[in-house]
Amino acid sequence: MCTVCGCGTSSLEQKEAQGHEHASTHRHHDHDHFHEHSHDGDKASIIEGATVDFGAGPAGAHVTGLSQERIIRIERDILAKNNDYAARNRARFAQTRIFTLNLVSSPGSGKTSLLVRTIEELRGRFPIRVIEGDQQTANDADRIRRAGAPAVQINTGKGCHLDAHMVGHGLETLKLEEGGLLFIENVGNLVCPAAFDLGEAHKVVVLSVTEGEDKPLKYPQMFAASNLMLLNKADLLPHLDFDVGECVANALRINPDIQTLLVSAKTGEGLTAFYAWLESHAARWARANTPTAVAE
Amino acid sequence: MHEMALMESLVELIEDESRKRGFSRVRVVRLELGALGGVDADAMRFCFDAIVKGALVEGALLDIVVKPGEGWCLDCAEAVVIHERFDACPRCGGNHVQAAAGDELRLKELEVE
């Protein structure tokens, strides 16, 4: 978009400041103003071949009466850098046909227990790898390895979420197997991880029934960003006042497309449904990400 | 939420732009925040003040423009303004409103010299 008049519709995202037609013989709207004079503040660049370019300064544009040191349109997403890394991860997953899920939840919802059981029950069918994110300790990765899957622990230190760059480094040390599953267990936090794309196929939010039914309303970003909600610790429901229906209704208010499964990592209740969800979504994802599917 | 990490990315982004476009001082940093984005403008200002020491943006004014949230009401089949993700439709009062825009987090423009 032109910084003088706002003409043009596309954003400047990838374009450099060396703008378009605002040069010396300048046709803009229906008048043209040829600048034979010079005034203080104009920093015209003289380019070989005698073009005097008033648009070559940092502002990428020239307006009479304003000095060149003015406004630069940037229009860049603050998360652009993370999103670039995420795109690289995603391309790598597509190339090696690794179906990746990003598991998010508050601390203590039972993500690791769910993963341990899933690994024990699915490792005969798929090669499974896990990236564990926590602020400190390698406890979770140890638990995952004992369950039979290679895992890498990423400690974020003071960080409250995993970002795509950290995951990229994690991938270097994990030997991924083609056609496998990769689970990324994010830092327990229902806020920050919502904004950071890691390159996953889906975010899966885990909510335990010992939490409140209104969590989807309290932490809407996370439920808006997720495709599946696992309501964990279902075995405790007889002892609680948790209203499953209300919780699902709240999640659907935030995200009309979210799917919900009621599960228990402890008893195994509902996990067959989760495995079926996994397989069907992995198959659909693989179809959409194979070069032949694109060619069809 | 993670305003400090976002501010660090912002400062990197501006330094990147300064190398590309050759400016050495920033007077105003103008951000656009979507009202549904879960990023708090006051927290952003706090982190900005904490992080700019010695950076190119030291002394710059942080101007945050909050963009209202936009939803699509499935019942009215119309775009409506919403303030929270779970807001009911301001026209029909129904709950079938899908957030359509309002989680922007963009560096709009810089005033530089």
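Buried means under 20% relative accessible area, exposed over 50%, and partly exposed in between, using a 1.4 Å probe and protein chains only. This is a predicted model, in which local features need pLDDT of at least 70 and side-chain atom pairs count only at pLDDT 80 or more, while totals for chains, interfaces and linings use all residues. Residues are numbered from 1 along each chain as its sequence is written, chains are lettered from A and ligands numbered from 1 in the order in which they are written, and side-chain values use heavy atoms, leaving out hydrogens and water.

**View 1. Cysteines of chain B.** For B:C76, the nearest cysteine sulfur belongs to B:C73, 3.6 Å away. For B:C89, the nearest is again that of B:C73, at 3.7 Å. B:C89 is buried, with a relative accessible area of 3%.

**View 2. A loop aspartate, A:D197.** Look for A:D197 in the loop between β9 (181-185) and β10 (202-208) of chain A; helices (H or I, at least four residues) and strands (E, at least two) are DSSP runs, numbered from the N terminus. A polar atom of the A:D197 side chain lies 2.9 Å from the backbone nitrogen of A:G199. Leaving aside residues up to four places away in sequence, A:D197 touches (heavy atoms within 4.5 Å) several residues, including A:N82, A:R90 and A:K203.

**View 3. A sheet with strands from chains A and B.** Four strands form an open sheet of mixed pairing, in the order β5(A)-β6(B)-β1(B)-β2(B); two strands pair if DSSP finds at least two bridges between them. At the edges are β5 (71-77) of chain A and β2 (61-67) of chain B, each pairing on one side only.

Methods
A disulfide is a pair of cysteine sulfur atoms within 2.5 Å. A polar contact is a pair of N or O atoms within 3.5 Å; within protein, one must be able to donate a hydrogen and the other to accept it, and residues adjacent in sequence count only if both atoms are side-chain atoms.
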